[in-house]
Amino acid sequence: MCQLVARTTMPVFMGYISIGIPFGLLIVNAGYPWWIAPLMAIAMYTGAGQFFAVGLFVSGAPLSVIILAEFLLSIRHIFYALSLIERYKSLGWWRPYLMYSITDETFALVASSDVPEVFRGREGLYYTLVSCFDQFYWFMGCFIGAVAYGVLQKWNLTRFLSGIDFSLTTLFVVLLVEQVKKSRDYAGALCGAAACLFTVLLFKAGRFDSSGIIWVSICVALVLVFVLRGKSYVENSRAGMGEGLDSISPWGIGVALCLFAAFVFLMLALCTPGTVQPTAANPLTLSQALVAVFCSGAVVVATRVVPFVVFNRRKIPLAVRFIEKYSTTLIMAVLLVYCFKDPAYSVYPYGIPFAACAALSIVIHLLFRNSMVSIFGVTVVYMVAIRFFA
């Protein structure tokens, strides 16, 4: 069974190891002891949040700024949790760890794949193993990078990892294609892709930093998918579930989502990059950094757990069930388009290897329907391509 889970999570292994090692190198290079890297992998367990924290630690940012930044980086986990409420609802004592361990990649695997036959009746064990394997990969990446800092720097071994993180992009491609085929509804995927493309373009234009791309895209995409599917969804739900839903109208859902989206854009307009500056000139001391790590970890975990707590014993409102229905393909599309923010399209090779290999992974998966070929084969092609174009 563990071998099956290992094969399922292998793309995450490649991505987490290749990203975790640079994080370990980064935090030690910033002047902190090696053991803080694996500690952050447990206490925070958020790739973007951990990388962002290093910059805040070095700049001496106050605790309030660190907590706010980590909340904004992790707010997308609220939507992940909402879409997993029903899936995790009856899993008993497995749930605490499953809630804590929700990440982009783990959500993608759990929400987009069926439970293997060997795990039928033991869904909680399967989801827990997937989550454990994913976190172990991240922990090992951070640990290896921190411990091997001196060796890797001296011998320049990190160059062999260049491009391996593209496996996460191919993973999102495969999972999105499979999820769209399963749902037979393109609305969520199209809205997610369009919203994220819009926010990535704003990011490239310097309107706001990368920390807002994912959750802003999700908010905007939810508004778009409501416009396309909201009325029919509510009417069908009422017809099939009686009068208990009369207190929640489609207009109420739409107004709430529109107001939230308006709030997001207003906040971004007022807080463009460079608006918030660190108030301290010196890096945080080790004790201050540890306090920030645990406070940030509490904030990150709260964004994952609160939706489960709120809707644990009460009937899930129609608005939440609407989000749950469309959020899987929507978020998957957002995560895929989000990967396109990194290439520099204005300089050679103009992002051509990345875009071409992403398109190739779609074609390969549609032709061969083999996830291993689509993910690992195209990742190898990309690793070769970036060296050819270098």
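Reader: How much of the protein chain is buried?
Author: Buried residues make up 51% of the 390 residues in the protein chain, where buried means under 20% relative accessible area, exposed means over 50%, and partly exposed lies in between, with a 1.4 Å probe and protein chains only. This is a predicted model, in which local features need pLDDT of at least 70 and side-chain atom pairs count only at pLDDT 80 or more, while totals for chains, interfaces and linings use all residues. Residues are numbered from 1 along each chain as its sequence is written, and side-chain values use heavy atoms, with hydrogens and water left out.

Reader: ok, and how many helices and strands are there?
Author: The protein chain has 18 helices and zero strands; helices (H or I, at least four residues) and strands (E, at least two) are DSSP runs, numbered from the N terminus.

Reader: Which residues touch the most other members of the largest nonpolar core?
Author: In that core of 112 residues, I27, M40, F57 and I218 touch the most other members, and a nonpolar core is a set of buried Ala, Val, Leu, Ile, Met, Phe, Trp, Tyr and Cys residues joined through side-chain atoms within 4.5 Å. Helix α16, which covers residues 318-338, gives the largest share of this core, 14 residues.

Reader: What is I27 in contact with?
Author: Leaving aside its neighbours within four places in sequence, I27 is in contact with Y32, I36, A37, M40, V54 and F57, where contact means heavy atoms within 4.5 Å. Another core, of five residues, lies apart from the largest one, and I17, I21, L25 and L152 are among its members.

Reader: Switching topic, what volume does the largest pocket have?
Author: The largest pocket has a volume of about 1,000 Å³, a volume being the space filled by probe spheres set on the grid points, which are joined across faces, edges and corners. On a 1 Å grid over the protein atoms alone, a pocket is an open set of points with protein on both sides within 12 Å along at least five of seven lines, unlike a cavity, where a 1.4 Å probe fits but cannot get out, and lining residues have an atom within 4 Å of a point.

Reader: And which residues of the lining lie nearest its centre?
Author: Of the 39 residues that line the largest pocket, I19, L168, Y338, K341 and D342 lie nearest its centre. The lining divides into 22 nonpolar, nine polar and eight charged residues, with Ala, Val, Leu, Ile, Met, Phe, Trp, Tyr, Cys and Pro counted as nonpolar, Asp, Glu, Lys and Arg as charged, and the others, Gly among them, as polar.

Reader: How many disulfides does the structure hold?
Author: The structure holds zero disulfides, a disulfide being a pair of cysteine sulfur atoms within 2.5 Å. For C196, the nearest cysteine sulfur is that of C339, 8.8 Å away.

Reader: Is C196 buried or exposed?
Author: C196 is buried, with a relative accessible area of 0%, and C219 is also buried, at 3%.

Reader: Last one, which peptide bond is cis?
Author: The peptide bond from Y348 to P349 is cis, with omega near 5°, and P349 sits in the loop between α16 and α17 (352-368). Y350 is found in that loop too, and has a positive phi of about 65° although it is not a glycine. Most residues other than glycine have a negative phi, and most peptide bonds are trans.

Reader: Is Y350 buried or partly exposed?
Author: Y350 counts as partly exposed, at 45% relative accessibility.
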